[in-house]
Amino acid sequence: CPNKTEENVVFQSFNFLRNSFLPSGDLTNDYYKYTLWRAAQRLVGATLSVFGTQALLLALGFKQSKIGLAAATTWVLKDALGKFSRIFWASKNGRKFDSDAKKWRFRSSLLYSAGNGLEILTYVMPSLFLLIAAMANALKQMAMLTSSATRNTIYKSFSTKSDNIGDITAKGEAQIAVIDIVGMAIGIAISRVIGTSRPKIVCVFLALSLLDLYCVFREIGSVVFSSLNFERAGIVLHKLFRGTDPAQGPQDAALADPRLLAELSPLQVAQSERLFLPTRQGEGLVRTWGSLQLEQAQQLQPVLALFDQFRPPGDPRSRILVVVRARLLRSWWTAFAIKSRLNPQEVVRIKQGVPVVLTPQVLLHKDASQEDLFRALLIVHRLLHDLYAASDRVTAADQASAALLLLTHRIVARRGEAPETPPPDPRAGWGLKRLSRPASEPSCSVTAEEERCCLAEVGLDPASLLSLIGAACEYEQQHGPAVLRCLEAAGWTTRRFMFGTIRARVEW
């Protein structure tokens with residue numbers, strides 16, 4: 001029967017394609033969305049690479065067919081110089097790829113696009129070919145290393161049973177091979193149409209680069225991890241504290257509210273992850289004795305005594321310490337840097353009109369585990385939540401400029417001097433959302449004694465901060481197991497975390 005034969009051919013062809021390009025076994029739902037956007041990104045990237053190669057060859061005079069020994073030597077040199085960047089990049093950032101695979105995968109695409117851009121620049125400035133081409137190759141080497149290093153971590157997130165990782169990887173490479181061939185064919189076709197015109201090449205390159213970055217952004221954004229790292233832990237704990245009553249067990253409150261459970265789910269958290277900006281309260285929280293920021297070393301003794309009270313049963317000592325440094329906010333630039341995540345470990349709070357910069361810090365004992373690090377993060381985020389609840393009901397960073405002037409008036413009044421202008425209302429100031437610098441900065445310097453008095457007046461002196469840390473430790477001890485059960489109910493894996501290898505360890 002002809003119809004039946006045609007159906008069998010179609011069915012067999014479909015099975016052949018599926019077996020060739022899609023892995024077998026159980027897969028998560030986000031795998032197919034990731035694969036679709038990855039195919040689109042690779043198609044655009046392969047098309048884009050044609051123009052980079054074309055520009056390099058044109059810069060060497062290939063259109064006159066005069067490559068010669070000098071051109072060949074230059075080509076080899078730019079590849080050799082690029083290899084050194086690969087070695088440096090691997091030694092510098094290799095341990096970070098597993099813990100924050102999505103961020104580093106997106107950064108690799110930015111590096112690769114920048115490398116392609118420099119390759120186009122060689123055609124515009126052929127006299128600097130070796131320098132520009134070596135820089136381009138260095139960026140692309142770092143990008144390819146980062147992409148390959150993060151690929152397995154992303155692939156693991158697609159397997160529900162972890163028994164088909166090899167198949168997922170193999171089929172992913174098969175998909176890339178086909179898409180790359182199609183992309184190169186499209187690139188060659190476009191290249192023939194636009195010719196060797198510099199303006200046309202630059203315009204096409206910019207358009208394809210933007211499309212490439214958009215595709216990779218959607219590709220990485222579709223990945224859903226079920227294990228917590230610094231970024232996801234911060235998002236989850238913030239949502240949990242905002243949606244539960246501290247007096248009620250978080251597990252009971254969350255299970256009684258399905259909407260909160262849905263908000264805590266890995267799928268919802270994946271949509272809130274930042275792929276470009278640094279992580280707030282990330283690995284930089286963890287300090288050593290040398291990098292710890294405290295006004296006086298004596299402040300550590302009460303912290304050690306406090307955490308010994310809350311150490312796990314059976315442990316001779318606590319394996320974590322959390323300290324907070326408070327200082328007055330003295331410049332508009334500091335507030336801007338914190339808001340824009342140039343200083344991602346610090347936060348700004350305005351309490352009773354006084355702008356304060358808070359720097360939470362974590363010390364890990366050499367025997368501390370990933371679970372201990374999560375306990376420390378729970379304490380830090382609970383502490384920051386309590387400080388926010390006790391702060392003025394204004395957006396601290398956005399109103400920092402007005403608070404700076406109010407601080408000036410407070411210091412001047414303390415000295416018994418007459419202020420030049422009336423004190424401003426901290427609720428109506430210059431908004432940093434508009435990135436506008438205030439017309440005036442604090443007009444007087446603040447001594448160390450005046451700073452200590454201001455912090456004591458608003459309840460942020462060392463003794464008050466120690467009391468707040470103690471309350472956060474008590475919350476962790478009482479509700480820590482319930483928090484983990486709540487996260488498991490929302491779909492998170494709490495048996496392992498993705499904090500990576502933390503080298504900053506101390507002994508006490």
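**Helix packing and core**

Tutor: H12 and H17 cross in a right-handed sense, that is, the near helix is turned clockwise from the far one by less than a right angle. Helices here are DSSP runs of H or I with at least four residues, and strands are runs of E with at least two, numbered from the N terminus. This is a predicted model, where local features need pLDDT of at least 70, side-chain atom pairs count only at pLDDT 80 or more, and totals for chains, interfaces and linings use all residues. Residues are numbered from 1 along each chain as its sequence is written, and side-chain values use heavy atoms, without hydrogens and water.

Student: At what angle do the axes of H12 and H17 cross?

Tutor: Two packed helices are described by the angle between their axes and the distance between the axes. Here the axes of H12 and H17 cross at roughly 20° and come within 10 Å. The pair is therefore roughly parallel, a label for angles under 35 degrees.

Student: Which residues of H12 and H17 make the contact?

Tutor: Contact means heavy atoms within 4.5 Å. H12 contributes Pro302, Val303, Leu306, Phe307 and Gln309, and H17 contributes Leu466, Ile469, Gly470, Cys473 and Gln477.

Student: How many residues are in the largest nonpolar core?

Tutor: A nonpolar core joins buried Ala, Val, Leu, Ile, Met, Phe, Trp, Tyr and Cys residues through side-chain atoms within 4.5 Å; buried means under 20% relative accessible area with a 1.4 Å probe, protein chains only. The largest one has 65 residues, with Leu228, Phe307, Leu364 and Phe374 making the most contacts inside it. H14 gives the largest share of this core, 10 residues.

Notes. Buried < 20%, exposed > 50% of the residue type's maximum accessible area, 1.4 Å probe, protein only. Axes fitted to C-alpha atoms, helices over the stretch in contact; angles between N-to-C directions. Parallel < 35°, antiparallel > 145°, perpendicular 65-115°, else oblique.
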